[in-house]
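Hello,

Here is the structure you asked to look at. My notes on it follow below.

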Amino acid sequence: LAQGEDIKARYTKLFKVYLLVEEKPYRMELNRTRLYPGGYRSYFSVPEDGVEVEHELVLVNDAVLQTVRVIRNPKKKALRLRISWHEYTGLNPAGRTWGKWQASLARHAWMRKITDETSKKTRGETWFGIVAELPMTTKLTRSGRRFFETAPFRSGATTVTSLFAPDKAAF
């Protein structure tokens, strides 16, 4: 961390899901929101395209699940979900290493291993990944942001999950 940097400031956009309408990204605003003990459900629209969705975030012990349900899409616009991962959000205390992103295309997942060595005798591994109901692609921008995008959908619902697991088999 830089001197005076607040660790909480790194997480303002972590796990943030965007709705892409014909490749144009939108930060889904909170409207008519219902709060629950482990998340929320809210409404968002793109009036010029006639798109209306309900979006939901659910937080469980080892995952953040974000679902988008299409309410209206009369023009049958191609919709995608995009989740961004800022590389600088991966904290690096002494002894931590981050593995490279690996794809599990059959499971619609991108994952990486996090290894913590606190001493020569103690080693811990955690897997972190992004999992979706639809196939996903990924790209890294020059600024260090990595985008994961689902395949297009026009109706129904789809979920993107940020998952922490003790081993790769969870993916």
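**What was found**

The chain has zero helices and 14 strands; helices (H or I, at least four residues) and strands (E, at least two) are DSSP runs, numbered from the N terminus. Read from that end, the elements run β-β-β-β-β-β-β-β-β-β-β-β-β-β.

This is a predicted model, in which local features need pLDDT of at least 70, side-chain atom pairs count only at pLDDT 80 or more, and totals for chains, interfaces and linings use all residues. Residues are numbered from 1 along each chain as its sequence is written, and side-chain values use heavy atoms, with hydrogens and water left out.

Of the 171 residues, 42% count as buried, meaning under 20% relative accessible area (1.4 Å probe, protein chains only). Among contacts (heavy atoms within 4.5 Å) between residues at least 6 apart in sequence, 52% join residues at least 24 apart.

A nonpolar core is a set of buried Ala, Val, Leu, Ile, Met, Phe, Trp, Tyr and Cys residues joined through side-chain atoms within 4.5 Å. Which residues touch the most other members of the largest one? They are Leu19 and Phe148, in a core of 27 residues. Elements giving two or more residues to this core include β1 (17–21), β4 (39–46) and β7 (79–86). β7 gives the most, with four residues.

Leaving out residues up to four places away in sequence, Leu19 touches Phe44, Val51, Val53, Leu79 and Leu81, among others. Apart from this core lies another, of seven residues, including Ala63, Ala109, Leu163 and Phe171.

Regards

Notes. Buried means under 20% relative accessible area, exposed over 50%, partly exposed in between (1.4 Å probe, protein chains only).
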